[in-house]
Amino acid sequence: MNISELKPNIIIGQYYKGELMLPSWAGFQSRQGSYASKNSNKASDGLVKVFITGKEVDGVKVTTAEQVNAVKYLIDNADNVRDALLLGLLHEMPGLEDIYEDLLPEVHKIEDFQDVIGLANIHLMESDKEGFAYVGFELGCNWDEDHGVGVMMHKDRVVAVGQATTAFDCWVTFDDNGTTEVETKKWHEANEKLRLERQKTQKKWWKFW
């Protein structure tokens, strides 16, 4: 599916995968291999995979109007979003020196990232704020091939920067939009319901004979 054609209320599974062409990321590393690894020595043409987390409505997972808004915003403001992401990453680089030491490349401006990172996946999150879903950007990088880089964004604002898992960490978005307490309660209720269901189906020890 071409994600630029995404519409709300499309029934999907727990997750859905599509593609999106973002020319603003052309020229960066091509990171479409497994776990954001390089899949080519040629530069990316801007094509990236998009994973959609559906929102549960009446027992099924569907796409939302907020996710459609987020995709449209990303397409219409692709350069600004990219530059904001790279500025956020640039701000974090000095703090990584003690961790990566000699592996960390010299990056002094956002243009310096082009040869050392590449966009692998976009994660269109279930959570939203002010009419726009959060979007996570998962990138491969030269200095950490195992864990990569993850940036969570809301429109053109950087919410969090970390390893690749940051790009699909829903709790980062809950902290940002103020729903952590509500979502924590829902999580506990769902787990308790699952525990009770398992308990009902579990045989008593004497029923094995």
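User: To begin, how many helices and strands does the protein have?

Analyst: This is a predicted model. The protein has 5 helices and 9 strands. Along the sequence they follow the pattern β-β-β-β-β-α-α-α-β-β-β-β-α-α.

User: What are the dimensions of the C-alpha trace along its principal axes?

Analyst: The trace spans about 65 × 40 × 35 Å. For the surface, the protein exposes about 12400 Å², and carbon and sulfur atoms supply 51% of that area. Of the 209 residues, 42% count as buried.

User: Among contacts between residues at least 6 apart in sequence, what share joins residues at least 24 apart?

Analyst: That share is 58%.

User: Now the sheets. Which strands form an open sheet, and in what order?

Analyst: The general idea comes first. Strands of a sheet pair through backbone hydrogen bonds, and the pairing can be parallel or antiparallel. Here, 3 strands form an open sheet in the order β1-β5-β4, with antiparallel pairing. The edge strands are β1 (11-12) and β4, each of which pairs on one side only.

User: How many bridges join β4 to β5?

Analyst: There are 3 bridges between β4 and β5 (residues 60-62), and the two strands run antiparallel. To place a residue in this pairing, take Lys55, which stands opposite Val62 in β5.

User: Which residues lie nearest the centre of the second largest pocket?

Analyst: They are Glu138, Asp146, His147, Gly148 and Ala164, out of 15 lining residues. The second largest pocket holds about 150 Å³ of space. Its lining has 5 nonpolar, 5 polar and 5 charged residues.

User: Let us turn to cavities. How many cavities of 30 Å³ or more are there?

Analyst: The count comes to 2 cavities of 30 Å³ or more. A cavity differs from a pocket in that the probe fits but cannot get out. The largest cavity holds about 60 Å³ of space, and the second largest cavity about 40 Å³.

User: Which residues line the largest cavity?

Analyst: The lining is made of Ala70, Tyr73, Leu74, Val81, Phe132, Ala133, Val135, Phe137 and Lys155. The largest share, 4 residues, comes from β7. By class, the lining of the largest cavity has 8 nonpolar, no polar and 1 charged residues.

User: And which residues line the second largest cavity?

Analyst: Ile3, Leu20, Val50, Ala70, Val71, Leu74, Ile122, Leu124 and Val135 line the second largest cavity. Here the elements that give two or more residues are α1 and β6. The largest share, 3 residues, comes from α1. The lining of the second largest cavity has 9 nonpolar, no polar and no charged residues.

User: Last, a single residue. Why does Val149 count as buried?

Analyst: Val149 counts as buried because its relative accessibility is 5%, and the cut-off for buried is under 20%. Val149 is found in strand β8 (residues 149-154).

User: Which residues does Val149 touch, leaving out those up to four places away in sequence?

Analyst: Val149 touches Leu89, Phe137, Glu138, Leu139, Cys141, Trp143, Gly162, Gln163 and Ala164. Phe137 is one of the residues that line the largest cavity.

User: How far apart are Val149 and Asp98?

Analyst: In sequence, Val149 and Asp98 are 51 residues apart. In space, the C-alpha to C-alpha distance between Val149 and Asp98 is 17 Å.

Notes. Residues numbered from 1 in each chain as written. Predicted model: local features only at pLDDT ≥ 70, side-chain atom pairs only at ≥ 80, totals over all residues. Heavy atoms only, no water. 1 Å grid on protein atoms, 1.4 Å probe; cavity = no way out; pocket = protein on both sides within 12 Å on 5 of 7 lines; lining within 4 Å. Points joined across faces, edges and corners; volume = space filled by probe spheres on them. Nonpolar A, V, L, I, M, F, W, Y, C, P; charged D, E, K, R; others polar. Buried < 20%, exposed > 50% of the residue type's maximum accessible area, 1.4 Å probe, protein only. Contact = heavy atoms within 4.5 Å. Areas by Shrake-Rupley, 256 points an atom, 1.4 Å probe, with all protein chains shown as cover. Pairing = 2+ DSSP bridges.
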